[in-house]
Amino acid sequence: MKHCIRCCIALLPNDLHKHCSRCRGPSHNNKNCHLCKRENKVLLHLDSKQMNLLAVLEVRTDHSESWTGLFCLKKGKLCSLMFGLLIMMLVMASYILTGAKHGLLLILPTFHYGAFASNSNLMDSETLCDMKDHYQTSKINISYTKDYPNIKVIIDTITSNIEFKPRHYPHLEDLKKQELHMFSVIPNKFLPNSKSPCWYEEYSGNMTTNPYATNSYALYSKRFRTIFDYLRKVFWNHLYHYKDKHYRLRCLPHFYIIGQPKCGTTDLYDRLRLHPDVRFSAIKEPHWWTRKRFGIIRLRDGFHDRYPVEDYLDLFDLAAHQIQSVLQDDVAKGYSNKMNNIIIGEASASTMWDNNAWIFFYDNSTDGEPPFLIQDFIHAFQPNAKLIVMLRDPVERLYSDYLYFASANKSVEDFHEKVAESLQLFENCLVDYSLRACVYNNTLNNAMPVRLQVGLYVVFLLDWLTVFNKDQMLVLRLEDHASNVKYTMHMVFRFLDLGALSEKQEALITKSPASNTRRPEDRNLGPMLPLTKEILEDFYRPFNAKLAQVFCDEAFLWKKP
């Protein structure tokens, strides 16, 4: 059956299809049709099924009206195009309105190679694909060649621009202005008989109140809800009642495992939590200091509501309950001044290096360097905190990082190309900015297809040493830990002033199999190309030399025997 497209388009919205004269039979006369009169029409040839204008498969002109049909054909296509554009505009408008409502609408800035201006509108992302269209490709002249001399020129330029400048430490009052709520919740004094920084906080809820109902960790992740369901059930039993008021014990970590990723922090965490005097947060890596307190849940998803400090403190309630039980037992026995030996730890491997969110929340500095860093706030609350760092050869760390996080098409050749591209991006930044500004530059860090900056250990550690003393920091090497677990664990126990262990307890900790090892499919790719390895060794060499100098240990040169 033939249908008149103009009649049907005009009548379908009002469900008046039956009035279309052509649809009533093959004897339709254009001159007699009140809609087709004085106009030539395009005929749509459809089968006997119900007509659907969005599923038209073929448009043919009437043979008797070849020239006028061709004109109408263009008008018909234009109609369809306009209809499609209208739908697309409605969808985009809905997305924009929804994104703006939830804080997800982020406009990427124009990206200039060689001039990495910090911009607060650029979102940290785990992938490069969504950003490349915003970069000026005219300045890229990266040849994915394996010609070492060409890349050596880039490395020489980087080396010539390396300068380790001291950092200016911000004043406490400036820190308070940035985080007023945090400073109102965490006191400046803690219980004297607890190694971990703990204090009592008044609780105003009743027995039917769920204290974890609004905890963001529970709201955004189903796997954490079981933990908070248990905490809710036992919460009232652990309150301290005094003069018709209720108090809950709040705690912060005594020590932090601050980095680095793919350096064995998971294995260290798994062994250390077997010690009877060590407790960790309910979640291994809360990433609160670096991400969650800024509203970053997954780097690719944009910003959500910021996690308040109370949500972070909730993660230590299990440990706080145990500390409180010991404290109360000691008081009952008359040992009110006895020191509690339980210590709390936290093991977010992003704490040492990830300051990507600063540009969105703190005033931009004139030199492109962040005015505040993570360690500034930790030190403001916990000047006596202890820090554990696990490092490895940065060349091998980068390859392991690539194998772990790359999702598809992994190969040694692809890794080589990504290294070459990242080196040129880093070189271009150093032309106009300081080393610190480039290391903490969110735009650059998102642009580099591999995370070169994470292996610049000495840059981060020097900044941590501006606020913490060197004796508050234990820096380990994965290579030493892998070859002698017992020795490195004893170093950790002494550093944390942990009590002696029985032979059985020590064997359990030191003889457990390694955690978070390389996946079989990644091992099958084999080592990186020798040329890639040589390039990365040249790049990291001056940074490793500075690290060895700072800690007076040539092992951090990672020289091959």
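Cys 438 is buried, at a relative accessible area of 0%. Here buried means under 20% relative accessible area, exposed over 50%, and partly exposed in between (1.4 Å probe, protein chains only). Its partner is Cys 429, and the two form a disulfide with sulfur atoms 2.1 Å apart. A disulfide is a pair of cysteine sulfur atoms within 2.5 Å. Cys 429 also counts as buried, at 0% relative accessibility. The torsion about the S-S bond of Cys 429 and Cys 438 is about -105°, so this disulfide is left-handed.

The model is predicted: local features need pLDDT of at least 70, side-chain atom pairs count only at pLDDT 80 or more, and totals for chains, interfaces and linings use all residues. Residues are numbered from 1 along each chain as its sequence is written, and side-chain values use heavy atoms, with hydrogens and water left out.

The structure holds two disulfides. The other bond joins Cys 198 to Cys 251, with an S to S distance of 2.1 Å. Cys 198 lies in strand 3 (residues 198–203) and Cys 251 in strand 5 (residues 245–251), so the bond ties together parts that are 53 residues apart in sequence. The torsion about the S-S bond of Cys 198 and Cys 251 is about 110°, so this disulfide is right-handed. Both Cys 198 and Cys 251 are buried. With the bonded cysteines numbered in sequence order, the pairing is 1-2, 3-4. Cys 263 is buried, at 0%. Cys 552 is exposed, at 71%.

Strand 6 (residues 255–259) is mostly covered, with five of its five residues buried. Strand 6 pairs with strand 8 (residues 343–346) in the parallel sense, over two bridges. Strand 6 also pairs with strand 9 (residues 386–391), again in the parallel sense, over four bridges. Two strands pair if DSSP finds at least two bridges between them. Tyr 256 takes part on both sides. It stands opposite Glu 346 in strand 8, and its bridge partner in strand 9 is Leu 387.

The protein as a whole has 22 helices and 10 strands. These are DSSP runs numbered from the N terminus (helices: H or I, at least four residues; strands: E, at least two). Of the 561 residues, 48% are buried. Among contacts (heavy atoms within 4.5 Å) between residues at least 6 apart in sequence, 76% join residues at least 24 apart. The accessible surface comes to about 28900 Å², and 53% of it belongs to carbon and sulfur atoms. Accessible areas come from the Shrake-Rupley method with a 1.4 Å probe; for residues, only the protein chains shown count as cover.
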